[in-house]
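The following exercises concern a single protein chain. Please examine the sequence and the structure before working through each solution.

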Amino acid sequence: MPRTPRSHRVALAGVVALAVAVAAGGGEARRVPAYAAAPDTTWRWVLPAGFPTPLVPADNPMSTAKVELGRRLFHDPRLSRTGTMSCAGCHVQARAFTDARPRAVGVTGQVHPRGSMSLANVAYQPVLTWANPTMRRLEAQALVPIFGEHPEEMAMAGREATLLARLGEEPRYAAWFRAAFPADTQPVTIARLADALAAFQRTLISGDSPYDRARRGDRAAMSALAREGERLFFSERTECFHCHGGFAFTNTVTWQGKGFADVEFHNTGLYAVGARRGYPRDNPGLAEFTGDDADDGKFKAPTLRNVAVTAPYMHDGSIATLDAVVAHYARGGRRVVAGPHAGDGARNPRKSGFVKGVTLTPRERRALVAFLEALTDSAFLVDPRFGDPWAREAAVRSTTGGR
């Protein structure tokens, strides 16, 4: 059987342990009741043209109250050990819900092996994170940064009662949880917190970039150079669209009514230097979960929507600019140059999981970058529906003298 890495075992154990929630205001654990809330039939998706309806789990239906609760929790630093970091600390709206760091940094200073992924259109992702094929529910994933220990991010492992007590310090939370989960006798639980966070994240839909407007008939939305880049991007010559195609610009995608989820992981030749596989042992990609050497260095292709504001790039932030990313793929990744299998990558890039490489003129490189920049949905980056409600309230109080 494929081995289960320690970090994976810890994450799974934490999620299972949190199926037993700690009642607010007390230290005694109790089992979370079955999900009983009836679907809120008032919820309606408002989606960009060409976007299918997101797949929502039956045990966590969407509702306006739940989404608003999730937005509050997403921006609330009470969810971290020091009370100084919220989910939005690593997922900044202005950066398409990423941050500017090569790799994420937790509240205790621990550096994550990978960068914060964009949450734009995460509702369409059948697997989450860079390389974990078993992390399939936003409800489960939401608990990992809060309670995970390898690495520590928000560093609340073993502090579930403390977290719930902190929520109790904001008297409105009790009412917000009741509105979001009206069938629960005690809705303020860790499990319901995760449900609300997941519901909010499913609303982070981005699909109004210049590229989208051009496809709807506004030819002036994209420059001539960007249109040239679009043709290159979707050509068999560059093959960019094979990994970053479709409305979501990723080939790992699902939606309501889709017969099966598309899930793919790729080795893009980032660390194949000096040996056939040169990925760091503490960050080998998919191989960490499968135990298969053939999966070494394989990571999920992230969405390219809003990619111009999500630098630095790749799972480890090792490429600083879009032009450098294009150059990396043009040369076929960092080729094998030494070791017992020296030359395999150069003779047969696909054998080692590399991109094939392609000769691009300087103008073609600029065109591809211009197209990628045309995927920026500026309205998404400032949409008040996704913003920090606590900051807005504080601003209102400051202008009204605290009234």
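**Exercise 1.** What volume does the second largest pocket have?

*Solution.* The model is a predicted one, in which local features need pLDDT of at least 70, side-chain atom pairs count only at pLDDT 80 or more, and totals for chains, interfaces and linings use all residues. Residues are numbered from 1 along each chain as its sequence is written, and side-chain values use heavy atoms, with hydrogens and water left out.

Step 1. A pocket is an open set of points on a 1 Å grid over the protein atoms alone, with protein on both sides within 12 Å along at least five of seven lines. The second largest pocket has a volume of about 500 Å³.

Step 2. Lining residues have an atom within 4 Å of a point.

Step 3. Helix α2 (residues 64-74) supplies the largest share of the lining, four residues; helices are DSSP runs of H or I with at least four residues, and strands are runs of E with at least two, numbered from the N terminus.

Step 4. By kind, the lining divides into eleven nonpolar, four polar and seven charged residues.

**Exercise 2.** Identify the residues that line the largest cavity.

*Solution.* Step 1. A cavity is a set of grid points where a 1.4 Å probe fits but cannot get out. The structure holds one cavity of 30 Å³ or more, and about 30 Å³ of space lies in the largest cavity.

Step 1. The lining consists of Cys-90, Ala-104, Val-105, Gly-106, Gln-110, Val-111, His-112, Pro-151, Glu-152 and Glu-153.

Step 2. Five of these residues are nonpolar, three polar and two charged.

**Exercise 3.** Which parts of the chain does the pair of Phe-249 and Phe-371 tie together?

*Solution.* Step 1. Rings of Phe, Tyr and Trp (its six-membered ring) pair if their centres lie within 6.5 Å; planes under 30 degrees apart count as stacked, over 60 as edge-to-face and the rest as tilted. The structure holds 22 aromatic pairs. One of them, formed by Trp-43 and Trp-45, is edge-to-face, at 5.6 Å centre to centre with 90 degrees between the planes.

Step 1. Phe-249 and Phe-371 form a tilted pair, with centres 6.4 Å apart and planes at 50 degrees. Phe-249 lies in the loop between α9 (224-233) and β3 (265-267), whereas Phe-371 lies in helix α13 (residues 362-373), so the pair links parts that are 122 residues apart in sequence.

Step 2. Buried means under 20% relative accessible area, exposed over 50%, and partly exposed in between (1.4 Å probe, protein chains only). Phe-249 is buried at 0%, and Phe-371 is buried at 0%.

**Exercise 4.** Why do the buried residues of α5 line one face of the helix?

*Solution.* Step 1. The buried residues of helix α5 (residues 160-168) are Glu-160, Leu-163, Leu-164, Arg-166 and Leu-167.

Step 1. Seen down the helix axis, these residues fall within an arc of 155 degrees (taken from the directions from the axis to the C-beta atoms), so they line one face of α5.

Step 2. An α-helix has 3.6 residues a turn, so residues three or four places apart point the same way.

Technical notes. Points joined across faces, edges and corners; volume = space filled by probe spheres on them. Nonpolar A, V, L, I, M, F, W, Y, C, P; charged D, E, K, R; others polar.
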